[in-house]
Amino acid sequence: MSQPPTQTRKPIVLLAEELAPSCVDLLAAGFEIRSVDGADRAALLPALSDVDAVIVRSATQIDAEALAAANRLKIVARAGIGLDNVDVPAATARGVMVVNAPTSNIVTAAEHAVALLLACARNIAPANASLKRGEWKRSKFTGVEVAGKTVGVVGLGRIGVLVAQRLSAFGVQLLAYDPYVPAARAAQIGVRLVPLDELLAQSDFITIHLPKTPETLGLIAERELRLVKPGVRIVNAARGGLVDEHALAVAIKEGRVAGAGIDVFATEPCTASPLFDLDSVVVTPHLGASTVEAQDKAGLAVARSVKLALQGEFVPDAVNVQAGGVVAEEIRPALPLVENLGRVFTALAGGVASTLDVEVRGEIAALDVKVLQLAALKGVFADVVSEAVTYVNAPLLARDRGLEVRLTTSPDSPDYRNLITVRGTLPTGEQVSVSGTLTGVRHIEKLTEIDGFDLEIPPAEHMTFFRYDDRPGIVGAVGRVLGAAGVNIAGMQVSRRSQGGEALMALTVDTSIPPAVLDEIATEIGSRRTRAVDLEV
C-alpha cells in the first residue's frame, strides 16, 4: 500500500501587530500566517515557540526572553525605522536576522515635524480647542511667523535633511548640530553646522531628529534649556527621552521656552505628562509614521525582507549583517557560489582554518563586495557547528574560533570575467584553496581550481575529491567500486600538474557515497586525501 506524500512544512510568520493588508497579501502565498497581540506578554511568548519570523511595530518587545522562547526564529522584522523594542545584540548572538524599514516613513516623519512646528508657532491646538468650546478669542492665540527666523536642526540624517529642505521654503536661516556630518555636506543643502550650545543660543525654533542612544538620551535637559534663546519653540518628533519632559515643562512655565511640539515620550503609551497642562504645547500620540502611505511602505518593505530571509537569500535591510549597504545586482548571483566555495573549502580542509582569505578578482572587484566575505564564512561554518549559520552570526563564529578573515580585491582576472577564491591556512601550516566563477547569462556556477589543480565543474549536491598519484586504471577502478555499490556517477573530471605526478579527481554522484565505499576507493587507488561534501544546489 503506497504511503501518502510527505507535506513540506510552510515557514510560519507571526504578526505581532496589525499590518497593512498589502503586507499580509505578499506573505500569504508562501507562508503560514499567524497573529498574536504582541503587547500581551503571556500570549506572545508561547506564540513564538515554533515560528520562523516575527513582524512587529513599536508595541512588541523582542528581548532576550522572547528570543529564547523562539527556537526556530530566523528573522525579526520591525515595520518602521526605530529598533528600540528589539534586542539586536541578543538576536545577533542567536543568529537571528533583524530588519527594519529604514526609508519607509522618512517623508511622513519629516512632514509631521514641520506640522508640529507650524502648529506650535500659530497656537493651532489651543485655538482649535477654544473655538470648539464656543469661545472667540483671537488675541489670546497670537502666534509668530516662521519666515526670517533661525531654525536649528539637531541631527542631520535623512529625516533631518528632509525637514531642513522643507523649511528652507519658508525663508528661514538653517543651523544644524551633527558631529557625524561633514560641513561641506551640510553646506550643499544650505545648512551651517555649529556646536550644540551655539545652536541652542541662536535658534528661534529647534527640531530634533536623532536616534535614541546612550549618548543622545537626555540631550536636551535642564542645562541645555538654560542656554536657549528666549521665546524658542522646540519640536521632538524623533524619539522619546531625547528631551527631558519635566525640564521642558519647567522651562515653559518659567517663560524661557515659548512652546513645544511633542510626538514622542520617554515612556509610551503616555497619557499623563506635565506638558499636557500647558496650552503652548501641542502633543500627538507618536504619529510620526502614521500615514497610509508610510504604513504600506513599511509593511511591504519588511514583508519583502522576511520573504528573502526565509528563502535563504541575502537581505539588504538587515541591520545586524556586517556587509555595508545595499548589495549590487552584479554581486547577488555570486552569493550562492561563494557559500558553496566555503563549504567545499571546509570539506577539503577537514576542519576550521587559522586564517581565511577571500579573494575577489575581475569586474565586480570595483563594487562593494564585503557581503562575499560573509557568504564564504556562512559556507565555511555550515557543516561545522550545530546551530544554523547565517550572515548574522557567521562573523561571531569566526571570532569565537580565532579565525582571522581577510578580504582582498583586484581588477585583474586573466582567465575569467570574475573569479572568487577562498584560501586558508590550517593550524598545521598547510594551505587549502578553492576557486569559482559564474558563466553565461544564467550565471552557472563553476569550480575552477582546487589546491592549485585547474578544473571546470559545476557544484553538485554530492561531490567527492580524491588526491592520488597519476597512473593508468584509476578511473576504471573508481567506476567499478561505485558501480558495485550502486552509486551512479553524474560527472568526473581529473586534473594533474604533470604526467605521473599528483592528480585530483573531482567526482559528482547521484547519491551520497557511504563511508565504507569511500574507504574502499581510497585503498584501491592509494588516495592520500579523500573528501566528500554535500551541497544545497
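**View 1. Asp368 is partly exposed, at 38% relative accessible area.** Here "buried" means under 20% relative accessible area, "exposed" over 50%, and "partly exposed" in between, with a 1.4 Å probe and protein chains only. Lys370 is partly exposed too, at 39%. Asp368 and Lys370 form a salt bridge, with 3.0 Å between the closest N and O atoms. A salt bridge here is a side-chain nitrogen of Lys or Arg within 4 Å of a carboxyl oxygen of Asp or Glu. The structure has 32 of them.

A quick note on what you're looking at: this is a predicted model, where local features need pLDDT of at least 70 and side-chain atom pairs count only at pLDDT 80 or more, while totals for chains, interfaces and linings use all residues. Residues are numbered from 1 along each chain as its sequence is written, and side-chain values use heavy atoms, leaving out hydrogens and water.

**View 2. Glu430 and Arg529 pair up in a salt bridge, 2.0 Å from N to O.** Glu430 sits in the loop between strands E15 (418-425) and E16 (431-439) and Arg529 in strand E22 (residues 529-534), so the pair ties together parts that are 99 residues apart in sequence. Helices (H or I, at least four residues) and strands (E, at least two) are DSSP runs, numbered from the N terminus. Glu430 is partly exposed at 32%, whereas Arg529 is buried at 16%.

**View 3. Arg467 and Asp451 make a salt bridge, 2.8 Å from N to O.** Arg467 belongs to strand E19 and Asp451 to the loop between strands E17 (444-450) and E18 (453-457), 16 residues apart. Both Arg467 and Asp451 are buried. Salt bridges with shared partners join Glu430, Asp451, Arg467, Asp469, Arg497, Glu502, Arg528 and Arg529 into one network.

**View 4. Helices H5 (residues 106-121) and H7 (residues 158-168) cross at roughly 50 degrees, their axes coming within 9 Å.** Axes are lines fitted to C-alpha atoms, for helices over the stretch in contact, with angles from 0 to 180 degrees between N-to-C directions. H5 and H7 are therefore oblique to each other; angles under 35 degrees count as roughly parallel, over 145 as roughly antiparallel, 65 to 115 as roughly perpendicular, and the rest as oblique.

**View 5. Gly473 is exposed, at 54% relative accessible area.** Gly473 lies in the loop between strand E19 (462-469) and helix H16 (474-484). From C-alpha to C-alpha, Gly473 and Arg401 are 42 Å apart in space and 72 residues apart in sequence.
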